[in-house]
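Morning, everyone. Please bring up the sequence and the structure, and we will walk through a few places together.

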Amino acid sequence: MAKFDLIMPKMGESVAEATIIKWVKNVGDVVEVDESVLEIATDKVDSEVPTPAGGKIISLLFKEGDVVQVGAIIAHIETDVNAAVESTPAVAAPVAEAAAADIPGIAQVEATANHAQPAAVVSGEGRFYSPLVRNIAASEGISQAVLDTIPGTGLEGRVTKNDILAYVANANNASGGVAKAATPAPAAAAPVAPVSAPVATPAVPVPKAAPAPVSMNGSDEIVEMDRMRKLIADHMVMSVQTSPHVTSFVEADVTNVVRWRDKMKDGFKKREGENLTFTPIFMWAVAKAIKDFPMINVQVNGTQIIIKKDINIGMAAALPSGNLIVPVIKRADQLSLLGLTKAVNDFANRARINKLSPDEIQGGTYTISNVGTFGNVLGTPIINQPQVAILAVGAIKKKPAVMETEMGDVIAIRHMMFLSHSYDHRVVDGALGGSFVRRVADYLEAWDINTQL
């Protein structure tokens, strides 16, 4: 007999650790090749981990709730010596929620910790601290000695994010709202080119205010946020604290787009078996506008601006749970309209059944959010860090509009739509942000009704 080491698989380029949600198999169970052994969660996606080798599970090295580093051995499987295989990372298949980080898909607060310091550490007191807790401690000037004194409510008394934020809030209140000035965090080393996944962070940590008290009565219902909603909440707060948001609005006449789609959708449905939506057309226009204004397709790393050569467009998609995920169409500018349509439909369908892989929800350089799906005419979207801009497209409405003709101005019924462009005012000024969204509208208004698909 031989012993096979099951290891924690790599779930994506920027993912360094995962939390064990549930062991599907127990010690003594017999598993077959590719059978799921456990369920894990990262800040990107929840997944099952199958085993590359069949046999009998003889030991589980971690408990449910433990945070495990990628590449660590998590279980031992006794296999037949002739069937033993080399210990390699299993390829995880997504099964449940995915986060947002490229969400609003995705560069979460936890990713900042992974980027800046080791993923986890055990203190001199033998106490485990997650990368997020260590990152918050560093930004707030909390020394290791003080960190060891903070009561923990997590597994085995570990300090959770809520524990340390509560400590910071109490310290701020005790000092009149001023954050404690303990040992300053060491300066981060200069980035080494190329930078694969820069994370935009404020130059100076912003003191966290204590949450406002919430009043409740006996008829109120308390519902705990699920894991994905907590990640989205953290990501949204981090984005607003990181980027000074400015939003520009443009109203576009998309009558030609609507007429073209009405003419093509039935034939496309019959030929391809798929629906023809407006989203691929919006992506096509955005990709062309990014080519014209490449400084929209950038990311910020401290005082550096990283110009992204690939145009990877994320599309915010609502999940059945009510949460949000952002699958990313890579190199969207290199796809034909048919290719964009196929990609959009594929991602939308698999997002609804939680079948997106980690790589498909990260790496975005620009994001589109279709608020018109919910009947909204416009919105002010929050930037999906570390990107610097996001476009919201509103509902298409028939309106009377003034048209210039050879015979003079006339009023006609046109299909109109608002475009809302939020951008990071640290690196995108009003001229660039406003010109970009105007160019997107120009491409949509100039749509050729004879375009073939």
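Start at the surface. V214, M216 and I222 form a nonpolar patch there, with about 370 Å² of accessible area together. Accessible areas come from the Shrake-Rupley method with a 1.4 Å probe, and for residues only the protein chains shown count as cover. A patch takes residues with over 30% relative accessible area and no salt bridge; like charges are joined within 9 Å, and nonpolar side chains (Val, Leu, Ile, Met, Phe, Trp, Tyr) within 5 Å.

A word on the source. This is a predicted model: local features need pLDDT of at least 70, side-chain atom pairs count only at pLDDT 80 or more, and totals for chains, interfaces and linings use all residues. Residues are numbered from 1 along each chain as its sequence is written, and side-chain values use heavy atoms, with hydrogens and water left out.

Back to V214. V214 sits in the loop between α4 (161-174) and α5 (227-242). Helices (H or I, at least four residues) and strands (E, at least two) are DSSP runs, numbered from the N terminus. Is V214 buried or exposed? V214 is exposed, at 68% relative accessible area. Buried means under 20%, exposed over 50%, partly exposed in between, with a 1.4 Å probe and protein chains only.

Now S59, in strand β6 (residues 55-60). S59 is buried, at 18%. S59 touches V27, A75 and H76, leaving out residues up to four places away in sequence. Contact means heavy atoms within 4.5 Å. S59 and V27 are 32 residues apart in sequence, yet 5.6 Å apart in space, C-alpha to C-alpha.

Next, helix α8, residues 337-352. The expected span is 1.5 Å times one less than the number of residues. Buried residues of α8 include L337, L340 and F347. The buried residues pack against α6 (255-272) and α7 (279-292), among others. After α8 comes N354, with a positive phi near 55 degrees.

How many salt bridges does the structure hold? There are 16. Each is a side-chain nitrogen of Lys or Arg within 4 Å of a carboxyl oxygen of Asp or Glu. One of them joins D346 and R350, closest N and O atoms 2.9 Å apart. D346 and R350 are four residues apart in helix α8, so about one helical turn separates them. D346 is partly exposed, at 34%, while R350 is buried.
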